[in-house]
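Please read the points below alongside the sequence and the structure. They are meant for a colleague who is meeting this chain for the first time.

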Amino acid sequence: MSERNEDIAVALFGELFMADQLARNRISKVLPKGMELSHFGVLNHLARSGDERTPAQLARAFHVTRGAMTNTLTRLEWAGHVHIRPDWDDARRKFVAISPAGRAARDAAVQAVAPVIAEVVQALGADRVRALIPVLREMRTRLEDEG
């Protein structure tokens, strides 16, 4: 990699890391009481997929350890936001599905988060943000493939 590309890469990832930290901080502040960003992420993933997932599949999707995902799922189950059932064909596995209460909690979180995100999009300009999404998506895909 040339010196110029390295400088660009360092600047890009520095901005991404800082934007990530600031976005997480702002979003965490507006989430419904008791909901953490990790909870919202899992609920949103399950709501969008519409299918059951195993804890291992969720851990891979979020790039966290199985232990970390188990902790998040335990808290979500305790709150009534997910249903965890055994796999009837393989008793060692479990399946996780979003509950009606979990869907309602996720929808409430989306309602709370959307204005914060929309404010940033409006300030930057929707066309500029729309143009950025494919680049960020490709970057994510490449990083996932290399991981």
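**Notes on the annotated domain and its helices**

1. In an unreviewed entry, UniProt lists residues 9–141 as "domain: HTH marR-type", with positions given in the numbering used here and annotations that may be inferred rather than shown by experiment. The model is predicted, so that local features need pLDDT of at least 70 and side-chain atom pairs count only at pLDDT 80 or more, while totals for chains, interfaces and linings use all residues. Residues are numbered from 1 along each chain as its sequence is written, and side-chain values use heavy atoms, with hydrogens and water left out.

2. The span of residues 9–141 is 73% helix and 8% strand, and its end C-alpha atoms lie 16 Å apart; helices (H or I, at least four residues) and strands (E, at least two) are DSSP runs, numbered from the N terminus.

3. Helix α5 covers residues 100–124, and its 25 residues should span 36 Å at 1.5 Å a residue, which agrees with the 35 Å between its end C-alpha atoms; the expected span is 1.5 Å times one less than the number of residues. Just after α5, Gly125 takes a positive phi of about 100°.

4. The buried residues of α5 (under 20% relative accessible area, with a 1.4 Å probe and protein chains only) are Gly102, Ala105, Arg106, Ala109, Val113 and Val116. What covers these buried residues includes α1 (3–30), α2 (37–49) and β2 (94–98).

Terms used
Buried means under 20% relative accessible area, exposed over 50%, partly exposed in between (1.4 Å probe, protein chains only). Contact means heavy atoms within 4.5 Å.
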